[in-house]
Structures are given as C-alpha cells and as structure tokens.
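Subject: Structure handover

Hello,

The structure is shown below. My notes on it follow.

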Amino acid sequence: MLSKGTVRFFHSAKPLATSSYKLNKHATVANGFLSAIGNTPLVKLEKLSKETGRNIYGKAEWMNPGGSVKDRAALFYIEKAEEKGLIKPGGTITEGSAGNTGIGLAHICRAKGYKCVIYLPDSQSASKMETLRLLGAEVHAVPVVPFDHPENFNQRARRHAESMENAYWTNQFDNLESRQAHIETTGPEIWAQTQGKVDVFSCASGSGGTWAGVTRFLKDQNPQIKSFISEPPGASLYNYVKSGFKSTEIEGVQSFIEGAGQCRVTGNIAHDIHLVEDAFLIPDQDSVNMLYRLIDEEGLFVGGTSALNVCGAVEAAKRVPEGSTIVTILADSAHKYAQKLFSKSFLQDRGIRLFHTTRAARMSYTINKSAITTENGILSAVGNTPLVKLEKLSKETGRNIYGKAEWMNPGGSVKDRAALFFIEKAEERGHIKQGGTIVEGTAGNTGIGLAHICRAKGYKCVIYMPNTQSPAKMETLRLLGAEVHPVPVVPFDNPENFNHKARRHAESMENAYWTNQFDNLDNRQAHIESTGPEIWNQLNGKVDAFTCSSGSGGTWSGITRYLKTVNPKVKSYITEPPGSCLYSYVKTNGESLAREGGSFTEGVGQGRVTNNVAQDIKLADDSFLIPDQKSLNMVYKLIDEEGLFLGGTSGLNVAGAVEAALLLPEGSNVVTILADSAHKYASKIFSKKFLIEKNLYEDIPEHLKKYASLE
C-alpha cells in the first residue's frame, strides 16, 4: 500500500462512508507563490493500471501554482542565480522557452520584482503567448530554426541578456539547476509517496532536467529501478539511446506535441543518459488517442506531453512483472493547447485519425513527505491545497493574509470539492447508479468539477448555464464530454432559469440526478469536512478571521460553521459584489434582500439566500460590498506583486480579506479563498475593450494598466 494523507474526522463532521477525500494534516502553508511549488499528488491511473496489471501513477504537475512541472526548475534557476550573485533586485530574467518554463519564470519574476523576457518558437500555442504577456513578460515569438543557428530562440535569449546590465539568461536546456531541481524535489517526493516502492520511471525530455533529475535521485536510492525515455517523432534521443549513444539522427517528422523532443543532447541529459534502460518512440496518433482516453476514462484534462508520457508508461509496463509500480509525469493541463489538440481540422491536417471513442530545498521549496498519493485517481487528488501567504498585502496591512490555493485542485477550482461530495453522497444514498446522468445548473466551475468526476466514474454529465459565462468555461465543459446548454439569464423564480431547466432535465430521465448545488447541503458539508479542517490544521488553530464571497454559499457556510465550531471567537465575514442581496441581508439582520447593479465577476453574488447560506447566515459578523473596480484592481495587483494569476472572484475575496484585516488587531491571521485561476476569464478581465465598456479601465492604477493588454 502506498502512502496517503492521514484521515481525521472532527466532531462536527459526519464522514462519508466511502469518501474519496482524505484530509492531509500536513498540507502546505506557503510563503507566497514560491513556496506553493511542488508537493503535487501522485495520481493512480486506475483504468490503465487495471488494463496492464501494473500500477501506473502520474505526478500531477499541472497542480503546481503556475500550472506545470516547469515551475520547479524556474524557481531553482532564479534562486540559485540570486545565491551566486548573478542577478540583483530590479534585474531582468531572459529565457528561450516553448512556453511552460517561461510561464513559471514570469510568475516568479512578478513575485520577486524582476523583469521577464521570453523568446519562444512561433509554432507554440497562442494561449501560451497570451498567458506570458498577461503575466507581464516581454514576449518575442521567432521563426523555428535549428539550435546552432544564430536566430534560434535560445541564442536570441542569450544575446538579449548579454546586451544588458543586471540580466540573467536562465538557459534551461544546459543549466544544471534544472536537473538539480528534480534531484532535490520531484525525485524525493516520488520516493516518499511510494514509500520507496518504485520499479520504473519514464517521461519525455524537453530540456531534460525532469527525466535526468528524477532518474538520478531514484537510481541513487535503488539502482534496480528502471528508467526509460519516451520521445515524440522528430526527436534525436530515441536514436541516441538505441544506437548506444553514437547517433543523434532524427527519427520521423517533427511532432506537434509542444515542449518535448529535442534535436540534440542537452547539458541536463548528458550527465545521466547512461542510466537509461531504453527509449520509446511514441507516434503522435498514440499520444492523441491517449490524451482522449485520459479525459474519457480517468477524468484527466492534461496536455500532449502528459499523454505522450503515459503512452511511455504503458510501454514500460510491458517490460516489468505484474504488480510493478510505474511513475510518469503529468506535465500540464490541456487548456493551453485546446485550439490544437481538440481541433478536428488541425488534427486531420496532420494525418491524425479521429475514432468514434474520442471527444473533442534550502530555498523557497520545502519537501512535504506527506504529499498525497491517490489510489483513487483524480477523485482523491481533490483538496489538501496549500495555504498561500500574500506577502505584500500582509506587510501592507500589518496582518497575515492567507489565500487557500483552490485553483490548484485537479479540476482547477474550489468547486471540485462540492462536486465530489454531491456525487459520492448520491451514490451512498442510491440516488444514482452506474451509467446514469448527472445534471446541474452552474456558472461553470461546479460543472467543470462534475464533468471531471463524471468522466472518472463513468457517468454522463449535462450542464445548464447562463449564456453570459465565459466561452472558455463552456469550451472546457464540452471538451470534458459534458452536454452544455447555455440559456438566457432570468431570475431564479422564473421557470426558464438555468437551475430549473437542469432540474426538469433530470426529472425527465431514468437514473438521473440533479446535484442542485445552491440548496443541496452536501455542498456545505464538503467544506465542513475538508476545507475548514485543512485551514485549521495549516494555521495550527491560529485563525482570527475568515471571509469569502457566496455563490451557491457552500464554501462560506461550511468553512464558517467548522471554524466557529472549533473556536467561536473566529470572525467570519461575507464579501459580496454589486448585484448580490447578501450584503443588505446581513447589514439589516435579515430584513432586506435589496440589491443594486451587477458585476463582471462570475459565479458569485445571488439574488436570494440559498439553502446552504441559510444554515449559517447568523454566524456572519459583518458583510462587505466590494465594487468591481476594487476587485479588478486587486486581480492586477495580485499578478503584479504576488505573481498570482487569479480570477475575478479571487480578486473580490482578497479585497474582502483586506477589509477584514482592518477590523482586527495587528498580527491577526485572515484567511480567504483563491477560487480559481484567470485563464477562463482572460477574454474579459484582460480585455481593454471589455473594461472600457464596463467603465472599469480608467480607474485602474497607471502601473497596472499594462495587464489590460487584450483587444
């Protein structure tokens, strides 16, 4: 049996009989973005494990705060450069990157106050380039030419740094800090999570640091561990290994998988290539098929490199006895590649056939030896998120302001928690049976959580949502196999409201369950049993105040109930946007539901008191009404000062936490919810045109207007 987080149920929490969630009492408290890197779950791929007779695990690196495995190396590059005096405050970091290293660097540069300049091939996804720019990086997309060509993106990054004072080229391909990052972090985590029972490690090589560092660490612990390299077409390492390290001849046409496969042996790889057992060449067709299988069977929305890696793990499984444990890397999510990997025309243009089954250490890092190993796939990876200290705001207010990093849940938001509880409670009570249909009315995130879990459990998923929600949310739901119905916005008491349409849809079918997030108390219970205890443990019971906004109300209500139960002196505040009735409801002690205006924030602010909120509304110490301008400015401030790329609800919540902080003595601990990332909302909250239309642009502080960079 592999190691799991400790299970502890509290007197106020009635545990699920068969809950996939397990409380990890050692969940991380992070000093800002930097300390949230690493300690990702190890997820068992249940269907593939059963199919192969071997235990296949993926390191869930898309759950890093910047969204990929490259956060680890990015942190080491910068902090090692600081340690060696190669970069000083106010300097510039430059890199040649296919995207993810650049994104990791951009986050860390924002948190540390450096400028960031990224050169990348113009073949990379538009979404990666957009994210880099939104994180404040200067981006240069250049034509694809060989490494030894002076116009190669790496050479240009090097020359850029050399042309400046106080600039550092991180040189990911040959800088051994990449390899060292995985010797000190990823390797030890895997070893601890499997209790040393690792038989095989396999992954692809981009810069080579992940494969080399993890391989080096694991082989040092146990030389009997086998290590394989999985390569896409157009990479040289496959032939290099197969020829006994004599030939770097490229095999096949260049792959469209981004970030993996090099035409040379990098400095990182060169140190450990002799440790390789064998290499696998994975055709793009196999990687695409696996990508879709991982969505369809495991509920995992991961990118092309992750799928390539899992293909390699399956190949490795053929080389070892039944029952062996195989680990690979789930490098990042599919969001940045959706325009390619789920485009029928793009794939067919590249000869990909679409089958009927496919649908569209010593530094900031500290190893957590209790990082979770999930025996139940994506389901057990829900929860146990870091608690991130917002360092600049804490210093500014004189109070310790913490955000629960819920965007680091496997489905990308706080709503994964309730989604899991809805379905597993329904199963426990016999409301849904195998092959059934889950139906919900949602602004998006609950639906995305449900869609992930439905895929993992084999249910159909039908979502009704307001047609005002972001296109990216709707696209993600469809890519996860959900049937999506966008409907006009009407009040809750109108029979055409999206919630009522969802209810009627479920009532019209056999073996269907409407999860009813707004009034289903399993929502609240999810946070009584998970988020509340996590916060309490992470701060060793030293919580002075909690605040967040209310959508369905389960998050605010459940956490408030738990914290007030263990310590009635904890203050709890509701933070609301314009258009919500809860602000006036609290202010008038339940006498008024008056509300005015509307908000650009999605998924929060209701025109009624939901059943979840009604259970605990009397526990609210006060409420804050946060204007949209303040929420938007906070979104930009969190990018600029903390390196956190968060959505509008998170900006709203943090603005509320600042209000709460001002009501408390200096040194108090205030906790809020960082609900999800900004990716799904980028077309709105970073669009100058949208913000001008909403009269929000002019009052953005001048130094932050650079983030309103989309037209």
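Which residues in α7 meet which residues in α8? S178, R179, H182, I183, T186, G187, P188, I190 and W191 in α7 meet G209, T210, A212, G213, V214, R216, F217, L218 and Q221 in α8; contact means heavy atoms within 4.5 Å. By class, this contact of α7 with α8 has eight nonpolar, eight polar and two charged residues (Ala, Val, Leu, Ile, Met, Phe, Trp, Tyr, Cys and Pro count as nonpolar, Asp, Glu, Lys and Arg as charged, and the others, Gly among them, as polar).

This is a predicted model: local features need pLDDT of at least 70, side-chain atom pairs count only at pLDDT 80 or more, and totals for chains, interfaces and linings use all residues. Residues are numbered from 1 along each chain as its sequence is written, and side-chain values use heavy atoms, with hydrogens and water left out.

Helices are DSSP runs (H or I, at least four residues), numbered from the N terminus. The axes of α7 (residues 177-193) and α8 (residues 209-221) come within 7 Å and cross at roughly 55°; axes are lines fitted to C-alpha atoms over the stretch in contact, and angles run from 0 to 180 degrees between N-to-C directions. α7 and α8 are therefore oblique to each other (angles under 35 degrees count as roughly parallel, over 145 as roughly antiparallel, 65 to 115 as roughly perpendicular and the rest as oblique).

For α24 (residues 628-642) and α25, the axes come within 8 Å and cross at roughly 100°, so this pair is roughly perpendicular. Among the residues in their contact are M634 and L638 of α24 and L652 and V658 of α25. That contact divides into seven nonpolar, three polar and two charged residues.

Regards

Definitions and conventions:
Helices (H or I, at least four residues) and strands (E, at least two) are DSSP runs, numbered from the N terminus.
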